[in-house]
Amino acid sequence: MTNTPPAPCAPEDVRRVACIGAGVIGGGWVAHFLARGYDVTAWDPAPDAEEKLRRLVAAAWPALEQLGLAEGASQDRLTVTATLAEAVADAQFVQESAPEKLELKRSLLAELDAATPPGVVIASSTSGYPMTDMQTEATDPGRLVVGHPFNPPYLIPLVEVVGGESTAADAVAWSSRFYDVAGKSVITMDRELPGFIANRLQEALWREALHMVANGEATVKDIDDSITEGPGLRWAFMGPCLTFALAGGEGGMGHMLDHFGPSLKSPWTRLEAPELDRKLRDAMVDGCEEAAGERTYADLVAERDQGVIDVLRATGRLGGTAR
Ligand SMILES: NC(=O)C1=CN([C@@H]2O[C@H](COP(=O)(O)OP(=O)(O)OC[C@H]3O[C@@H](n4cnc5c(N)ncnc54)[C@H](O)[C@@H]3O)[C@@H](O)[C@H]2O)C=CC1
Ligand SMILES: C[N+](C)(C)CC(=O)CC(=O)[O-]
């Protein structure tokens with residue numbers, strides 16, 4: 001990593017944030033930043049983007065009110081611009097959440113770099129591309145970082161921050177501090193890993209779920225119930241390592257590994273990803289539709305939002321209202 005200068009204002013002094021791409025994640029970021037009292041500009045090329053974005057923010061607002069809005073926070077502080085250049089012209093931080101396509105990310109990040117005031121950090125929401133692969137066309141790649149959120153960004157605290165080979169170390173430190181000030185829970189990585197940390201873990205679970213559905217070994221409902229009625233209850237407040245240390249009783253992780261470690265070699269898991277063919281795709285879609293039953297997308301979003309808030313409240317993690 002290089003050492004080019006960081007953003008022109010301190011993370012604590014940021015007032016204006018630009019969100020580029022306003023779908024599920026970009027819209028979620030907009031809701032989060034508005035609730036934290038920032039002025040937000042947003043740009044998305046889709047013709048119906050503004051209407052969809054305002055609908056998403058309005059749907060998220062009741063949950064955000066429960067979490068506690070920052071002083072002055074308002075949905076009215078959102079400006080949807082006609083062009084990308086207008087969105088970033090006065091931004092003090094930029095969050096990019098465009099589709100997960102490498103070529104698109106490369107050219108968009110270069111375009112953002114050209115249009116954003118010098119020194120302002122630009123973060124990508126990418127789910128797994130290393131920044132090294134995305135920053136290749138930018139004139140100032142030093143200010144490009146990954147800030148990987150979790151859906152919905154307005155409720156799930158975690159952001160994984162990591163730079164690429166050409167990212168300035170200061171830009172990584174600046175963005176980690178900024179997300180912290182903006183109410184997120186930050187893991188700063190000192191090296192690039194495909195999928196970062198959490199998605200690498202999630203992908204392992206997901207790969208096995210797809211294998212089981214593809215082979216008719218479990219239904220979508222079995223898989224979801226196995227987590228919500230089982231390990232998921234523990235994972236909300238204690239990670240998989242400490243949870244398994246308790247599986248060793250008073251002997252802790254040492255006994256757990258001595259006892260169960262050899263079974264790691266047994267063929268429980270399949271390390272290759274399954275072929276995501278039409279049959280498997282349809283089985284997953286049908287299973288999810290069956291699991292959703294009469295509940296609409298909006299019903300499920302409201303149910304998920306309330307569930308996350310209840311868990312945050314129950315585990316004493318409801319954030320403060322100040323930035
Ligand atoms: N959906 C998820 O659960 C998560 C997604 N992400 C990441 O967030 C990013 C966005 O994903 P989603 O919001 O799920 O996708 P999405 O499909 O919901 O939204 C993408 C938005 O980008 C817009 N767009 C298309 N071309 C664009 C361009 N050239 N410039 C700016 N915007 C453009 C689209 O009109 C759309 O509104 C991806 O990098 C994805 O990997 C990260 C964490 C979770
Ligand atoms: C499905 N996904 C890989 C895009 C998910 C994420 O990147 C994080 C999340 O929200 O779980």
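The shell around ligand 1 is made up of 12 nonpolar, eight polar and three charged residues; Ala, Val, Leu, Ile, Met, Phe, Trp, Tyr, Cys and Pro count as nonpolar, Asp, Glu, Lys and Arg as charged, and the others, Gly among them, as polar. This is a predicted model, in which local features need pLDDT of at least 70, side-chain atom pairs count only at pLDDT 80 or more, and totals for chains, interfaces and linings use all residues. Residues are numbered from 1 along each chain as its sequence is written, chains are lettered from A and ligands numbered from 1 in the order in which they are written, and side-chain values use heavy atoms, with hydrogens and water left out.

**Ligand 1**

- Ile25, Asp44, Glu100, Lys105 and Ser127 come nearest among the 23 residues around ligand 1, where a residue is near a molecule or strand if one of its heavy atoms lies within 4 Å of it.
- The side chain of lysine 105 places an N or O atom 2.7 Å from an oxygen atom of ligand 1.
- A polar contact is a pair of N or O atoms within 3.5 Å; within protein, one must be able to donate a hydrogen and the other to accept it, and residues adjacent in sequence count only if both atoms are side-chain atoms.
- On its own ligand 1 has 820 Å² of accessible area, of which the protein covers 72%; such areas come from the Shrake-Rupley method with a 1.4 Å probe, and for residues only the protein chains shown count as cover.
- Helix H1 (24–35) and helix H4 (102–115) are the elements that give two or more residues to this shell, and H4 gives the most, with three residues.
- Helices (H or I, at least four residues) and strands (E, at least two) are DSSP runs, numbered from the N terminus.

**Ligand 2**

- Ser127, His148, Pro149, Phe150, Asn151, Asn199 and Gln202 surround ligand 2.
- By class, this shell has two nonpolar, five polar and no charged residues.
- A backbone N or O atom of asparagine 151 lies 2.9 Å from an oxygen atom of ligand 2.
- The side chain of asparagine 199 has an N or O atom 2.8 Å from an oxygen atom of ligand 2, and a polar side-chain atom of glutamine 202 lies 2.8 Å from an oxygen atom of the ligand.
- The protein buries 58% of the 320 Å² that ligand 2 exposes when taken alone.

**Helix packing**

- Helix H2 (residues 49–67) and helix H13 (residues 297–314) pack at about 10 degrees with axes 10 Å apart; axes are lines fitted to C-alpha atoms, for helices over the stretch in contact, and angles run from 0 to 180 degrees between N-to-C directions.
- H2 and H13 are therefore roughly parallel; angles under 35 degrees count as roughly parallel, over 145 as roughly antiparallel, 65 to 115 as roughly perpendicular and the rest as oblique.
- Ala63, Gln66 and Leu67 of H2 make the contact with Asp305, Gln306, Ile309, Leu312 and Arg313 of H13, contact meaning heavy atoms within 4.5 Å.
- Four nonpolar, two polar and two charged residues form the contact of H2 with H13.
- The axes of helix H7 (residues 198–214) and helix H12 (residues 278–292) come within 10 Å and cross at roughly 100 degrees, which makes H7 roughly perpendicular to H12.
- Trp206, Leu210, Val213 and Ala214 in H7 meet Leu280, Ala283 and Met284 in H12, a contact with seven nonpolar, no polar and no charged residues.

**Backbone geometry**

- Most residues other than glycine have a negative phi, and most peptide bonds are trans.
- The peptide bond from asparagine 151 to proline 152 is cis, with omega near 0 degrees, and proline 152 is in the loop between strand S6 (144–148) and strand S7 (158–163).
- Phenylalanine 196, although not a glycine, has a positive phi of about 55 degrees; phenylalanine 196 is in the loop between strand S8 (185–188) and H7.
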